[in-house]
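Me: Can you walk me through this one? I'd like to talk about contacts and charged pairs.

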Amino acid sequence: LIHEPSTLAVVVFLAFVIVTLGLSTYLGRKAKSSAGYFAAHGQIPWFVNGVAFAGDYLSAASFLGICGMIAFYGYDGFLYSIGYLGGWVVALFVVAEPMKRLGKFTFADALNAKFNSPGIKLAAGISTLVVSIFYLIPQMVGAGVLVQPLLGLPHWVGVVLVGAIVIFIVVTAGMVSTTWVQFIKGSLLIVFSLVLTVLILARGFHTTPGAASETQTIVKQPDGKVFINGRPAGNGPGENQLRPVGDISRLPGDIARTGPLGPLEFFRVLQQSEVVLYSSTITRSADGTETITYTPKPMPGSQILRPGEHPMFKGIRGGSLSDKLNFISLMFALFCGTASLPHILIRYYTVKDEAAARKSTIVGIACIGFFYVLTLYMGLGAMTSGALDVTDSNMAAPLLARSFSELLFAVISAIAFTTVLGTVSGLILASAGAATHDLLESSGAVHLTDHQRVRLAKLASIVVGIVAIGLGIRFREMNVSFLVGWAFSVAASANLPALVMLLFWTGTTRQGIIAAVLVGMASSLAWILLSGETFEKVYGLPAASALVPFSQPGIVTIPIGFATLIAVSLATRPRGVR
Amino acid sequence: MKRITSSNSVRCDNLAACAAHVSMLEPFVIRQCRIRFDGWRGPIYTARRMFVSTRNSRIGLALFAVYLVFYGAFVLLAAFSPQTMEATPLAGVNLAIWYGFGLIAGALVLALLYGWTCRQGAQSIDSADADDGSRP
């Protein structure tokens, strides 16, 4: 689809940006000390912190990625919702209160509370930077992807725009402004997702006659000319653009329209309907012409609402054990990864005590869980909205909104931008904390005053922000959900074993923690780099030539992290200790 | 070794129960109702705070185990018996959706239960301290 830049979207987006920047400037005076800059003086009310958890956690991958995946493949996208939410159970029951009790500014503080070891700070600081950078790339790429169709700007402009705004937010008031931006974003995201869901249910389903017979083609010639459905691509006379898709070819009882539906009725009707999805094939001729053909594929609703239709999950319906292990490994990493993400963990330092940490996590679970329930309605609503861009699943949620009204489209698009702002702010703050508080100070080479520490952290925020902008432009072709999966796996493998064992095993030693963080991080990275998915999508090699049996590392590398910690701790325990 | 030399802020039986039940407290030296961890460089915690923390930790682990069973069963069912997920046990909605919603709602229910239990525990200690006049 060729998206016309929306003036209304630009206006709403600018209004959001002005409010955000104004808030950051206003709050800047509260972040003069390092306690204010990194942890908002621990004075954020628990309810605000809980909603900010949602704002921090519900990234572009959650909002745009999951909705798009459900819209294109059905239930499988919801598996991510379940896994992402499940991770919060680990955060609440295992990590929340000890994190608040043990730490001060960064994840490394908690890990190092017992030993006061520069080695632990160094290892945890490196792990924080690696995980945050992996998480930053897809957010920045997502920002560029959004800007292109919505504001009519090039991809790199979107990345630079978001990067510059986030740097301003983080530099002016650190955690104070980051928290309020995340609070606003989290609130808006949930409220407007609910609005979309209510509208979807009120509209119900309707059939589109002839929807199942419309094949579409994009032909890209070597001279750069692009033809869509036989005509030059464009909006002018004699030109063509792809038709929006997302249709129902048959409803139960062969009715044409259902009218408003209840929350359960929505699924029951869809279960008995037939929906038109599209498969794509790419052919290349000898002269270099590339033809992409989108073929309609009517599918029973019962098939759409079951797991195992997305290419990544298809294996669970086959007989291959490695495919099933790949699925289990992904769900395991999602479950363990949340409680290991440094930008989430530092949010525990912004409240006054353990009780507030606990209560804010409960609020976070309520907000995030509610949003994830809504993702299934929004994704399936987009699937049947008749407004989908068959080439871009990330645009499913904004286009669903456009199928209702231009104003809603503008608001949802602006919220999608704020989604990126909120998450990137948290990531840059976590990275800046790791760079200054963990890496630089742990080296022992510099002793900073409080004022110097804040100035250095602001400088680090600018550097990390610029690096993020560069990576966002460099990796623009990279699949965003792919990178988020990497971040979860690396975080869970590197951080969770050390954190859990420190809390629950008195035999844990300093050397054990350092080894577990480094081995967990290295093994998960190595597994990812040697996996079939990376071979195919990054190196352009056949997936079959991969050196590991399945792509998701969690089920192997998280236990490796635990085993390393136990083995090294036993080997390095102090003399006389049994 | 644990040693209690004073009980200004909490009752000794609470503290003893705390120390006896939680292996994590083994290396702690309890002195004047404050707990210091061997080699610890951070803040020193009151016995009451550590008691509440360890009690919450036990409850949290139990609830975590409950959720893990349901989450694990969901993952294994989807991996090894995906056709079971297609069954429509209630209201014409399939098991995959019911189970998924159940896991999300279940997380919230357990979270609220945890919050309520922790709050009750903290209140009961406070009221016990107030009853015997040991509350500072």
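Predicted model: local features only at pLDDT ≥ 70, side-chain atom pairs only at ≥ 80, totals over all residues.

Me: How many residues does each chain put into the contact?

Reply: Chain A gives 46 residues and chain B gives 52 residues. Together they bury about 4,300 Å², with 73% of it on carbon and sulfur atoms. On the chain A side, Phe93(A), Arg101(A) and Lys114(A) lose the most area to chain B, together 17% of what that side buries.

Me: How many salt bridges are there between chain A and chain B?

Reply: The count is 2 salt bridges. In one of them, Glu86(B) pairs with Arg317(A) at 3.1 Å, N to O. Salt bridges with shared partners put Arg317(A) and Glu86(B) in one network with Arg306(A), Glu309(A) and Lys314(A).

Me: Switching topic: are Asp56(A) and Arg347(A) buried or exposed?

Reply: Both are buried. Their side chains form a salt bridge at 3.8 Å, N to O. Asp56(A) sits in helix α3 and Arg347(A) in the loop between α12 and α13 of chain A, 291 residues apart.

Me: What about Glu290(A) and Arg284(A)?

Reply: Those two side chains meet in a salt bridge at 2.9 Å, N to O. Glu290(A) has a relative accessible area of 16%, under the 20% cut-off, so Glu290(A) counts as buried. Arg284(A) is exposed, at 62% relative accessibility.

Methods
Residues numbered from 1 in each chain as written. Chains lettered and ligands numbered in written order. Heavy atoms only, no water. Contact = heavy atoms within 4.5 Å. Buried area = accessible area lost by both parts, 1.4 Å probe. Salt bridge = Lys/Arg side-chain N within 4 Å of Asp/Glu carboxyl O. Helix = DSSP H or I, 4+ residues; strand = E, 2+ residues; numbered from the N terminus. Buried < 20%, exposed > 50% of the residue type's maximum accessible area, 1.4 Å probe, protein only.
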